[in-house]
Amino acid sequence: MNSKDPNPVPLRDVAQSPQATARYLADVQRVLLDIGKNLETLAIETRVHLRETHVEGDRWYHARLRAMPVEKALGNVLKSLNNLTKGLEKSAYKRHAHDEAVVNTVKDRKEKELERKRRKNPQPLQAAPNPPQRDAQGHNSGYSAPTSIYDLGRESA
């Protein structure tokens, strides 16, 4: 807005442009995906280490049972990270769709106004240019004509 704003707001220019918003969200997503790779590696290494840690008197499954809460917590972090990256993609799409909706709103309002005017002032119906034709026998071929092959033998009233 004002280039000499004494209190510049961070990301204001990014928020005002759908393309800039999409670029910024893509950069954030790229960073998060890199962090996600590191977290996946950490989860694998933690799992291997914790499951190999046995205490004297353990049965074969005790180390696994002790490791499960830690593995679950890291798994939840990875799941949250994946949901976050999906949310960033969705946000960029919604931001672009919002700008399209704003542009189309003016056009839609004009069309609705024209439609309202047409409904309030309908055009007068014009008379039919040709009256119903009579066939060679003098019968009116309008609505009273037979409508199917089964009606051919009957005359309508």
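Residues are numbered from 1 along each chain as its sequence is written, and side-chain values use heavy atoms, with hydrogens and water left out. Because the model is predicted, local features need pLDDT of at least 70 and side-chain atom pairs count only at pLDDT 80 or more, whereas totals for chains, interfaces and linings use all residues.

Side chains of opposite charge can pair when their charged atoms come close. With a salt bridge taken as a side-chain nitrogen of Lys or Arg within 4 Å of a carboxyl oxygen of Asp or Glu, the count comes to 7 salt bridges. One of them joins Asp 27 to Arg 30, with the closest N and O atoms 2.8 Å apart. These two residues lie 3 residues apart in helix 2 and are therefore separated by about one helical turn; helices here are DSSP runs of H or I with at least four residues, numbered from the N terminus. Asp 27 has a relative accessible area of 41% and is thus partly exposed, where buried means under 20%, exposed over 50% and partly exposed in between, computed with a 1.4 Å probe on protein chains only.

A salt bridge is also formed between the side chains of Asp 58 and Arg 66, at 2.6 Å from N to O. Asp 58, at 24% relative accessibility, counts as partly exposed, and Arg 66 is likewise partly exposed, at 42%.

In helix 3 (residues 62-120), Glu 115 and Arg 119 are 4 residues apart, which means that about one helical turn separates them. Their closest N and O atoms are 3.9 Å apart in a salt bridge. Glu 115 is partly exposed at 33% relative accessibility, while Arg 119 counts as exposed at 59%. Salt bridges that share partners join Glu 115, Arg 118 and Arg 119 into one network.

Thr 46, which is placed in helix 2 (residues 18-52), counts as buried because its relative accessibility is 18%. When residues up to four places away in sequence are not counted, Thr 46 touches Val 70 and Leu 74, contact meaning heavy atoms within 4.5 Å.

On the surface, Trp 60, Tyr 61, Leu 65 and Met 68 form a nonpolar patch with about 460 Å² of accessible area together. Such patches are made of residues with over 30% relative accessible area and no salt bridge, nonpolar side chains (Val, Leu, Ile, Met, Phe, Trp, Tyr) being joined within 5 Å, and accessible areas come from the Shrake-Rupley method with a 1.4 Å probe. Met 68, in helix 3, is partly exposed, with a relative accessible area of 38%.

Note on methods. Patches are made of residues with over 30% relative accessible area and no salt bridge: like charges are joined within 9 Å, nonpolar side chains (Val, Leu, Ile, Met, Phe, Trp, Tyr) within 5 Å.
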